[in-house]
Amino acid sequence: MTAAIALAEQHDQAGRHDDAINALARAAQRGDIEAMTELGKRLVIGDRAPLLPQEGTQMLVDGAMAGNAEAALRLAVLKALGAHMPQDWREAIGLLVFAAERGSVSARKQVAVLAGQPLEAAATTTDWGKLAERIDARFWRTAPAGATLSATPLVRVFPEFVTDPICAWLIERAQPKLQRALIYNPLSGKDIADHMRTNSAAGFDLMQADVVQVAVQSRISVATGIPLHHMEGATVLHYSPGEEITNHYDFVNPRIPHYEQELQERGQRIATFLVYLNDDYEGGETDFPQLGLRYHGGKRAGLVFSNALPDGQPDMRMVHAGLPPKNNEKWLMTQFIRNRAVLNVRSENYG
């Protein structure tokens, strides 16, 4: 951490976000590549800063050209998504290799798992370009085999949606970010902890996401036929034994205060896609009580279900719950899908 980044953190902790941005900008002008990269990340998504995605992206380009691995990692995500720059999967992998060669542990693990290798392979591999040649981009662009559990409303399962190394990576990424999952309280207008949702969650916005997550989102896009830019940021959920989320809906409820503007700006959550990351637990099913359907996802499986009617109105039949695992912990990735582009913004809690 450079002195400028440390100073910016002090300003942020005191609520002086403009001073934090100015400190980073001054350091970037002096040639501090780490400060430039940090400033670029904040401008891309407007994180305690003006929303200036093109300027922020250019700073990340400059940082990567100067050899900064973190800048290359962020650019790899933008390239994979086609966010603020042309989409190019090949260039995204090239940026991952670039970061891996400069010592990024995250980049090394991403290259390994995308190539079908266990996480441990990242500690022994030396030729990252050669390993990257084993990445099968067609896997992420091909619709997987699936089966329909309910035609109307739609519930569909894909038994082999991802690989074991991908599951391990998604869990590892989420573990240090887990926080108590919250729900929205319309009376206070704030997210609160509540007995109906006792599990924990880790959310990822555009500057926290990684190429592996984007690859999974790309496969979700192919499986559902919904464009990649309609995906919110991915969220990984964790349930310890006894933790649950009781009956709820995933659509954005237009009858709840604050959500009318949300619907106008970002559209409706028309579908939810779950990726099951482990299965060594009893109980813990995804329960659809009005459909008479319970699904215990096998590891690597994907499950998609609709949240809205064809006209975009909420489908009240799609109440569902995450039942508590009886023993062991449960991990899954949840992906909310909108009816308009939202460009991987971080997921929020909606009732």
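Contact here means heavy atoms within 4.5 Å. Keep that in mind for what follows. This is a predicted model.

Let's start with a helix pair. Two packed helices are described by the angle between their axes and the distance between the axes. Take helix α5, residues 69-81, and helix α11, residues 211-224. Their axes come within 9 Å. The crossing angle is roughly 10 degrees. Angles under 35 degrees count as roughly parallel, so α5 and α11 are roughly parallel to each other.

Who meets whom? From α5, we have A76, V77, A80 and L81. From α11, the partners are V211, V214 and Q217. By type, that contact has six nonpolar residues, one polar and no charged.

Stay on α11, because Q213 also lies there and is buried, at a relative accessible area of 2%. What does Q213 touch, leaving aside neighbours within four places in sequence? It is in contact with L170, R173 and F204.

Now the backbone. Most residues other than glycine have a negative phi, and most peptide bonds are trans. Three places to look at.

One: a cis peptide bond joins T152 and P153, with omega about -5 degrees. P153 is in the loop between β1 (147-150) and β2 (155-158).

Two: R48. Its phi is positive, near 50 degrees. R48 sits in the loop between α3 (33-45) and α4 (53-65). Relative accessibility is 37%, so R48 counts as partly exposed.

H84 belongs to the loop between α5 and α6 (89-101). H84 is partly exposed too, with a relative accessible area of 23%.

Notes
Residues numbered from 1 in each chain as written. Predicted model: local features only at pLDDT ≥ 70, side-chain atom pairs only at ≥ 80, totals over all residues. Heavy atoms only, no water. Axes fitted to C-alpha atoms, helices over the stretch in contact; angles between N-to-C directions. Helix = DSSP H or I, 4+ residues; strand = E, 2+ residues; numbered from the N terminus. Parallel < 35°, antiparallel > 145°, perpendicular 65-115°, else oblique. Nonpolar A, V, L, I, M, F, W, Y, C, P; charged D, E, K, R; others polar. Buried < 20%, exposed > 50% of the residue type's maximum accessible area, 1.4 Å probe, protein only.
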